[in-house]
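Welcome! Please take a moment to look over the sequence and the 3D structure, and then read on for a short tour.

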Amino acid sequence: MQGITGAFGTYFTREMISYGTNIVAGITPGKGGAEVEGVPVYDTIKEAVLNHGAEATVTFVPAPWLKDAVFEAIDNGIRLIACVVEGVPVKDMMIVRKRLAESDTVMLGPNCPGVVSPGKALLGVMPREPYKPGKIGLMTRSGTFSYKVCDSLSKAGIGQSTAVGVGGDPVTGVTFIDILEMFEKDPDTEAMVLVGEIGGTGEENAAEYIKSHIKKPVVAIILGLTAPPGKPMGHAGAIATEGKGSYASKVHALESAGVPVAKTPGEVPLLLSEKLGHRG
């Protein structure tokens with residue numbers, strides 16, 4: 001846990017531990033030797049890796065220092081970074097993306113809720129209540145709306161293998177395509193739900209990838225049906241410009257790839273059941 005001694009870091013450390021996540025160390029430079037929720041605090045990730053074999057990190061580091069925190073994680077062999085921080089400069093993330101491409105580290109976010117495998121472990125700020133163990137993989141740009149979708153799935157008796165926050169910023173560590181590829185190879189996932197939103201071309205790119213690479217059933221839901229062009233809707237990356245990143249263009253691309261698009265969270269389990277039924 002990078003930034004474990006801050007208010008958010010402390011609170012979510014407690015939440016993750018209670019869910020069953022194996023939090024072995026916290027990092028706050030200058031506060032090495034302390035403890036938070038029974039977790040030892042170190043000045044560097046190197047110490048956490050050497051003493052505890054840490055493999056993943058959740059970053060609550062303030063945005064101006066996020067780049068350095070990610071570099072430290074990469075340099076010490078951390079395999080997974082869940083970055084929940086908002087407001088990371090786009091220039092910093094472009095540099096981070098280049099470093100990630102040269103490494104074996106996977107980074108979710110920034111501006112993402114994290115990742116949860118229901119009943120196993122949770123990394124990030126996701127609430128525990130919406131999730132139920134199952135076989136559906138979910139990928140999302142929106143944290144809050146994805147909770148609603150998973151709640152609808154769970155209430156319909158459809159559990160999730162893993163729910164992944166890609167991140168709501170314009171430049172993120174992973175894309176929908178990366179997660180689609182992982183879920184396609186995952187033996188514990190039999191179908192997928194893509195939760196997108198207006199802005200950028202991530203959903204359109206995902207649709208093209210689904211056409212040629214994905215065999216498992218996929219359904220989607222897109223936020224921003226009523227959003228006016230040029231106005232950011234919650235996330236820095238959720239802004240549609242004329243002709244690009246609009247609700248209509250994303251729905252058209254996905255439906256052209258054979259991906260049905262729900263209009264409400266309650267429709268998602270219905271469309272998913274239809275897709276799984278048609279597959280036989």
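Predicted model: local features only at pLDDT ≥ 70, side-chain atom pairs only at ≥ 80, totals over all residues.

Residues are numbered from 1 along each chain as its sequence is written, and side-chain values use heavy atoms, with hydrogens and water left out.

**A pair of helices**

| Helix | Residues | Partner | Axes come within | Crossing angle |
|---|---|---|---|---|
| α7 | 202–213 | α8 | 8 Å | roughly 5° |
| α8 | 247–256 | α7 | 8 Å | roughly 5° |

That crossing makes α7 roughly parallel to α8 (angles under 35 degrees count as roughly parallel). Residues G202, E203, E204, A207 and K211 of α7 meet S249, K250, A253, L254 and S256 of α8, where contact means heavy atoms within 4.5 Å.

**The two sides of α8**

Which residues of α8 are buried? They are Y247, K250, V251, A253 and L254 (buried means under 20% relative accessible area and exposed over 50%, with a 1.4 Å probe and protein chains only). Viewed down the axis of α8, its buried residues fall within an arc of 165°, so they line one face of the helix; the arc is that of the directions from the helix axis to the C-beta atoms. The face turned away from this buried side carries the exposed A248 and H252. Cover for the buried residues of α8 comes from elements including β11, α7, β12 and β13. After α8 comes G258, with a positive phi near 85°.

**A buried loop residue**

V84 sits in the loop between β5 and α4. It is buried, with a relative accessible area of 15%. Beyond its neighbours within four places in sequence, V84 contacts V58, T59, F60, N111, C112, P113, G124 and V125.

**Nonpolar cores**

The largest nonpolar core has 65 residues, of which M139, V149 and V193 touch the most other members. Such a core is a set of buried Ala, Val, Leu, Ile, Met, Phe, Trp, Tyr and Cys residues joined through side-chain atoms within 4.5 Å. A second, separate core of 22 residues includes A25, Y42, A63 and M107.

Note on methods
Axes fitted to C-alpha atoms, helices over the stretch in contact; angles between N-to-C directions. Helix = DSSP H or I, 4+ residues; strand = E, 2+ residues; numbered from the N terminus. Parallel < 35°, antiparallel > 145°, perpendicular 65-115°, else oblique.
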